[in-house]
Each structure stands twice: as structure tokens, then as C-alpha cells.
Amino acid sequence: MGEPLLHPHFEEILQIATELEFQVNITTNGSLIQKQQAVLLKYPPRQINISLHDLEENIPTEELPEFIANMISFADSIAQTTYINFRLWNRIDNNISDFNHDCLSLLGEQLKLDESVFSKENFIKGIHLRKHIYLQNAARFDWPDTNATPSTEPKTCYALKDHIAILSDGSIVPCCIDADAHLLLGNIFTDDLYTIIKTEKALRMKEGFRNKIAVEDFCKVCGFR
């Protein structure tokens, strides 16, 4: 939740991560990339995901060409050290919205790409635009709604399989969607991390997802799967 490039200690965090040889992945809407470009080049992350779909609600249509051009310029400047993923996560069913078409047209024009690159088949696996620069497309999912009727559909998830999330107060939760710690597992400031991920609750969730079952109510009302 939130925009990481807004963090008041953003440069310090990247510096510490670099010194500790952590591999940093950042997801951003791109609005502050030019402001933070010097920091990102000084402490290059492993990967930066730029959510182009966020622009649909937050940027005037007439500013879109300049924004896309700035993002491409930034991607070219950092691609030697960092993977860049442009994301269009607002596909509805199998249709592509007018906004997506505008983004794809601008990317095609400015990168001098053939239209065939943006075929439906390519979108399934992601499109290689330039060295270390990619485009991903996916359907927008519904964020958890605790007032919704729990779903009984088969569901698997990356939570606890290859990642966890640590909130700003140290709360440890299974995934980055759980910003309010509905599925609290422990706290990084007081508990041992290895012990936390081996608790009965964590193991039960992990085993459930392995069998395509959401065992927690919060997971049953989450649209990501």
C-alpha cells in the first residue's frame, strides 16, 4: 500500500539495502521517478515495476505521451543494472480498454515496435521490449472486502510460498495485500522470524494454498489468485 518513492528515508533505505547486498524490488506509479532518479541510479534496485494502469485515474490524457516518454528514458538509463517492468493491470476479461490501447500505441511509437509484438499470445507470458525492459498485462483483481460473501472457489496464492510482508510497525503478515494485519502472524521486533513462519497458523495457510483451499476468511474475500 502506498508509494515507496514518497518515503522520507527512501535514499537511506536503498543505501542500507545495497550495503547488505539485499535484492530490492520496487513497485511505483512512476510519478516521482524523475525526482528520485539520481538516488535510483546511485543505488540501483534489482527490479522496478512501473504501474502504468495507475495513470488512467491520475493523469490527464494529454499528459500521457510525455509521461510515457519520460518512463522510457528512465528505463533506458537504468536498464544496465535493473530490470524494468511496465505493468498494465486493468484488462477486463479478454478485452483491452481504450486507455490500454493508448498506452500500447505510445509504447509502440516511441520504441519503434511492430504492432504484432502486442499480440494476445505475447501478453500471457510478458513482452520483451528492450534489454531488461518488459511489459506485463493482467486483469485487475478485487481487493479483500471483509463485508463480501466468502468465496468457496479453488484458490492458490504466493503468500508464505515465496514471500511474506512486514508492515511499518513490525507486524508480519502472509502477503502485501494485508495492510491492516488481518492475518497477523507475529512481530519482527519481538519474535523470531523462523519461528513465525513455522507456526500452526502459517503452516495451515500454506498447506491450504498448496491444495487450492483458502483456509482464512480474509483470503476467501480476496480477488487475487
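Here are a few notes on this predicted model, point by point.

1. Let's start with the inside. The largest nonpolar core has 39 residues, and Leu40, Ile84, Phe86, Leu107 and Leu135 are the ones with the most contacts inside it. At least two residues each come from α1 (10-19), α2 (33-42), β2, α4 (64-78), β3 (83-91), α5 (98-111), β4 (127-130) and β5 (133-139). Which helix gives the most? That's α4, with 8 residues.

2. Even if you skip residues up to four places away in sequence, Phe86 touches Ile50, Leu52, Met71, Ile72, Ala75, Leu107, Leu129, Ile133, Tyr134, Leu135 and Gln136. Apart from this core there is another one, of 17 residues, including Leu183, Ala202, Ala214 and Cys219.

3. Next, find His53 in the loop between β2 (47-51) and α3 (55-58). Is His53 buried or exposed? Its relative accessibility is 15%, and buried means under 20%, so His53 counts as buried. Beyond its neighbours within four places in sequence, His53 is in contact with Arg87, Leu88, Trp89, Asn90, Phe99 and Arg140.

4. Now for the surface. Ile166, Ile188, Phe189, Leu193, Tyr194 and Ile197 make up a nonpolar patch there, and together they have about 580 Å² of accessible area. Phe189 sits in the loop between β8 (186-187) and α7 (193-196), and it counts as exposed because its relative accessibility is 63%.

5. How many salt bridges does a search of the whole structure find? It finds 5. One of them joins Glu11 and Lys42, with the closest N and O atoms 3.8 Å apart. This pair links distant parts of the chain, since Glu11 is in helix α1 and Lys42 is in helix α2, 31 residues apart. Glu11 is partly exposed at 36% relative accessibility, while Lys42 is exposed at 51%.

6. Arg130 and Asp76 also meet in a salt bridge, at 2.5 Å from N to O. Here strand β4 (Arg130) is linked with helix α4 (Asp76), and the two residues are 54 apart in the chain. Arg130 is partly exposed at 31%, and so is Asp76 at 36%.

7. Finally, compare the salt bridge between Glu207 and Arg210, whose closest N and O atoms are 2.3 Å apart. Because these two are 3 residues apart in helix α8 (residues 200-210), about one helical turn separates them.

Notes:
Residues are numbered from 1 along each chain as its sequence is written. This is a predicted model: local features need pLDDT of at least 70, side-chain atom pairs count only at pLDDT 80 or more; totals for chains, interfaces and linings use all residues. Side-chain values use heavy atoms; hydrogens and water are left out. Helices (H or I, at least four residues) and strands (E, at least two) are DSSP runs, numbered from the N terminus. Buried means under 20% relative accessible area, exposed over 50%, partly exposed in between (1.4 Å probe, protein chains only). Contact means heavy atoms within 4.5 Å. A nonpolar core is a set of buried Ala, Val, Leu, Ile, Met, Phe, Trp, Tyr and Cys residues joined through side-chain atoms within 4.5 Å. Patches are made of residues with over 30% relative accessible area and no salt bridge: like charges are joined within 9 Å, nonpolar side chains (Val, Leu, Ile, Met, Phe, Trp, Tyr) within 5 Å. Accessible areas come from the Shrake-Rupley method with a 1.4 Å probe; for residues, only the protein chains shown count as cover. A salt bridge is a side-chain nitrogen of Lys or Arg within 4 Å of a carboxyl oxygen of Asp or Glu.
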